[in-house]
Amino acid sequence: MTSLTEQTLAQLNAGVSVPRYDRRRVTTGIVHIGVGGFHRAHQAMYIDTLLNNGAAMDWGICGIGLQPSNARMRDVLAAQDGLYTLVLRHGDGSWDVRVIGSIVEYLFAPDDPEAAVEKLAAPATRIVSLTVTEGGYNLDAVTGEFNSSDASVLADLRPGARPRTVFGLVTEALARRRHRGIPAFSVLSCDNIQGNGHVSQRAFTAFARLRDPALAEWITGHVRFPNCMVDRITPQTTETDRAELSRRFGIDDQWPVLCEPFTQWVLEENFADGRPPLEDVGVQIVPDVEPYELMKLRLLNASHQALCYPGHLVGDRYVHEVTTDPLFARFLLDYMTGEAIPTLRPVPGVDLQQYANQLIERFSNPEVGDTVARLCANASDLIPKFLLPVIRHRLAAGRPFTRSAAVVASWARYAEGTDENGETHELDDARAPQLQAAARQQRRRPAAFVEDNRAVFGELADDPRFTGIYSSILSSLLERGVRKTFADLDHYATPREESP
């Protein structure tokens, strides 16, 4: 077995692709905050492909970790010279394995915040990209306003503070660039949020305004926040995955990334100081990302929510187990075709019905090993962004939303903390206490989960058109179970909701 380092690349199994470029010649042009599995399966892979083609040698990546949990990434990348293995898992059981070398530096900000700020402020840094999770932008889920009372934000606003948040870190770097006459960089959010560029602009500008209104004006005039849509299913790496990589290819990688073969990146042409030639490696550069991002958010991401709660309740623990069940496959297609797709504008170059069918195929790949539990996490951040816009759109149009309501009802039933087999589970959610408290009330007050979580549901909690259908479906889930309820969902539509 070969430990993965720069010195051992030549010793690896012949079936493993390795960087074809001299990593010593690669300089940093991108600083990425929040290096995790998805970034390493996606953006870092695209940059690595460019480097293998002999391009973008000044667009290497420096990763920055902010959270205490990122210390492990620091240690793994340091031990492996920034290298890691990317494995594409095909449905037939075959693996495509390559070593990615595009992350050439990594800084753990709590170790040395000053070094992280200076890296961001350096003239060579032209893009600062982010995967800080959907909830990492500190915006209220209903109002969209920046939460200026957050304790970490307040700490970073104190004069002379050592930055602890992404807002403090990036804004301090921009302040230094402004003072030194260095051009602004672009801030590129790669999180699954509608209008992620607009969201990041709102968050960072709001923080800057609290710190220094003049700095906020400079940011507004100089920093660019391109929107983008990113897509590649990337489950968390397990010890079993590591062991299988070692068994098949003899590689000892402390933190490989395993993902599906499919990948997509749609990127708005809106940069302050240049960008890599990503169009040369399959990235779609477009003037308007919104049609693509809405397609992904309301079809792929919302479907993840649509499958995970009912699937978990009946005892399924892997995504492919859910989507190869005819009942749930039909439910997902009915949701996408009947409720979500009608809320979308045409997407250039995409057949939406074909895209929906492709999603079922992707979800059904058993080799990906995506867990239902992963998809169930952080629902209070995800459902308001992925699913509730579909419900609001359908309500405004006076059209059916039964399947969407069934997803919310399944989430509410899941929040009780047990499945239909009596097995208990924890809620992995920042709002877990509130969600669980409301779920405990719903057997005597069916709309409690919605009404008692207005920070999530907003005005939907007061709309009887929604709460009526939702409550009927939830009552059936509690009394009859998931399978009988989902087999008979049309029964819960109002008379004018008989067809999409």
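A disulfide is a pair of cysteine sulfur atoms within 2.5 Å. Keep that cut-off in mind as we look at this protein, which is a predicted model where local features need pLDDT of at least 70, side-chain atom pairs count only at pLDDT 80 or more, and totals for chains, interfaces and linings use all residues. Residues are numbered from 1 along each chain as its sequence is written, and side-chain values use heavy atoms, with hydrogens and water left out.

| Cysteine | Closest cysteine sulfur is in | Sulfur distance |
|---|---|---|
| Cys62 | Cys190 | 16 Å |
| Cys308 | Cys376 | 3.7 Å |

Cys62 is buried (under 20% relative accessible area, with a 1.4 Å probe and protein chains only), at a value of 0%. Cys308 is buried too, with a relative accessible area of 0%.

Now zoom out. Buried residues make up 58% of the 500 residues in the protein. The protein has 22 helices and 14 strands, which are DSSP runs numbered from the N terminus (helices: H or I, at least four residues; strands: E, at least two). Its C-alpha trace spans about 65 × 55 × 40 Å along the principal axes.

What about contacts, meaning heavy atoms within 4.5 Å? Take those between residues at least 6 apart in sequence: 77% of them join residues at least 24 apart.

Notes: Buried means under 20% relative accessible area, exposed over 50%, partly exposed in between (1.4 Å probe, protein chains only). Contact means heavy atoms within 4.5 Å.
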